[in-house]
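Here are some notes for a first look at this model. Please read them with the structure open beside you.

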Amino acid sequence: MRIDIVTIFPAIFDALDVSLLGRAKQNGIVDVRVRDLRDHTHDRHRTVDDTPYGGGAGMVMKPEPWGEALDAALERTDDPVVIFPSPAGEVFTQSLARQLSEERHLVFGCGRYEGIDQRVFDDTAVRARVRLVSLGDYVLNGGEVAVMAMLEAIVRLIPGVVGNPRSLVEESHEDGLLEYPTYTKPPVWRGREVPPVLLSGNHGEIARWRRQQQVERTRRVRPDLLDED
């Protein structure tokens, strides 16, 4: 998979060189290209923002540098998906992460200030599939942290990135439920015992216990995920 990231803070994405994401880059599973939006400005101050038409607080990111940066990112590519983190977008879910993990080329545009000129989205939509995506009902200072979170969720689903593919199936949200609690050695720690069923060796009982724990945890923490009407 090819991944392009447009940002005014490229150094934030140095973190992509560590852990599973870094290994995926080294193994050639993903090709990540971080692009500095300011490289597509043409004034002495490398300006990427200006005051909003119609008035209002804050600044809006200018269309000219975004247009040039996306032109470069979308050059010689086939059917890309361009994702702009935005509190006005669709909510990012595990299902969406899996869907995006099957794409060949993802482009992420990291907005800042009061957002990006709407014409950037409209222009990009003529030549690519554009999606505004939100991590949740809150606002961040910019799109970089959101993109890092999305990349963590997306890239790990690409075949070959996670060592044991089975672990991906047993996680929270993969089957619409939260993950069951997990335990390891020792069997007793600070007076707290591992549930006896996990020490029983009875895999059928263990599977039933884990499923029950998933349902109970989901009902307690995220009842909105359960369809119990």
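**Notes on the predicted model**

1. Start with the chain as a whole. Of the 229 residues in the protein chain, 40% are buried. The model is a predicted one. Its secondary structure comes to 7 helices and 9 strands.

2. Next, the overall extent. Along the principal axes, the C-alpha atoms of the protein chain fill a box of roughly 70 × 40 × 35 Å. Take the contacts between residues at least 6 apart in sequence: 75% of them join residues at least 24 apart.

3. Now the sheet. In what order do the 5 strands of the open sheet run? The order is E2-E1-E6-E5-E7, and the pairing is parallel. Strand E2 (31-36) and strand E7 (129-134) are the edge strands, and each pairs on one side only. From one strand to the next, the twist averages 30°.

4. Look at one pair of strands in detail. Strand E1 (residues 2-7) pairs with E2 in the parallel sense, over 6 bridges. Here valine 6 stands opposite arginine 35 in E2. Helix H2 (residues 63-74) packs on the sheet. Helix H2 touches E1, E2, strand E5 (81-91) and strand E6 (105-109). The direction of helix H2 makes about 170° with that of E1.

5. Then the cavity. The structure holds 1 cavity of 30 Å³ or more. About 40 Å³ of space lies in the largest cavity. Which residues line the largest cavity? They are Ile3, Leu16, Leu21, Lys25, Val30, Val32, Leu151 and Val155. Helix H1 (19-26) and helix H5 (144-155) are the elements that give two or more residues to this lining. By type, the lining divides into 7 nonpolar residues, no polar ones and 1 charged.

6. Threonine 47 lies in the loop between E2 and strand E3 (49-50).

7. Leaving out residues up to four places away in sequence, threonine 47 touches Thr41, Lys62 and Pro65. Threonine 47 and isoleucine 116 are 69 residues apart in sequence. In space, threonine 47 and isoleucine 116 are 13 Å apart, C-alpha to C-alpha.

Terms used. Residues numbered from 1 in each chain as written. Predicted model: local features only at pLDDT ≥ 70, side-chain atom pairs only at ≥ 80, totals over all residues. Heavy atoms only, no water. 1 Å grid on protein atoms, 1.4 Å probe; cavity = no way out; pocket = protein on both sides within 12 Å on 5 of 7 lines; lining within 4 Å. Points joined across faces, edges and corners; volume = space filled by probe spheres on them. Helix = DSSP H or I, 4+ residues; strand = E, 2+ residues; numbered from the N terminus. Nonpolar A, V, L, I, M, F, W, Y, C, P; charged D, E, K, R; others polar. Pairing = 2+ DSSP bridges. Axes fitted to C-alpha atoms, helices over the stretch in contact; angles between N-to-C directions. Contact = heavy atoms within 4.5 Å. Buried < 20%, exposed > 50% of the residue type's maximum accessible area, 1.4 Å probe, protein only.
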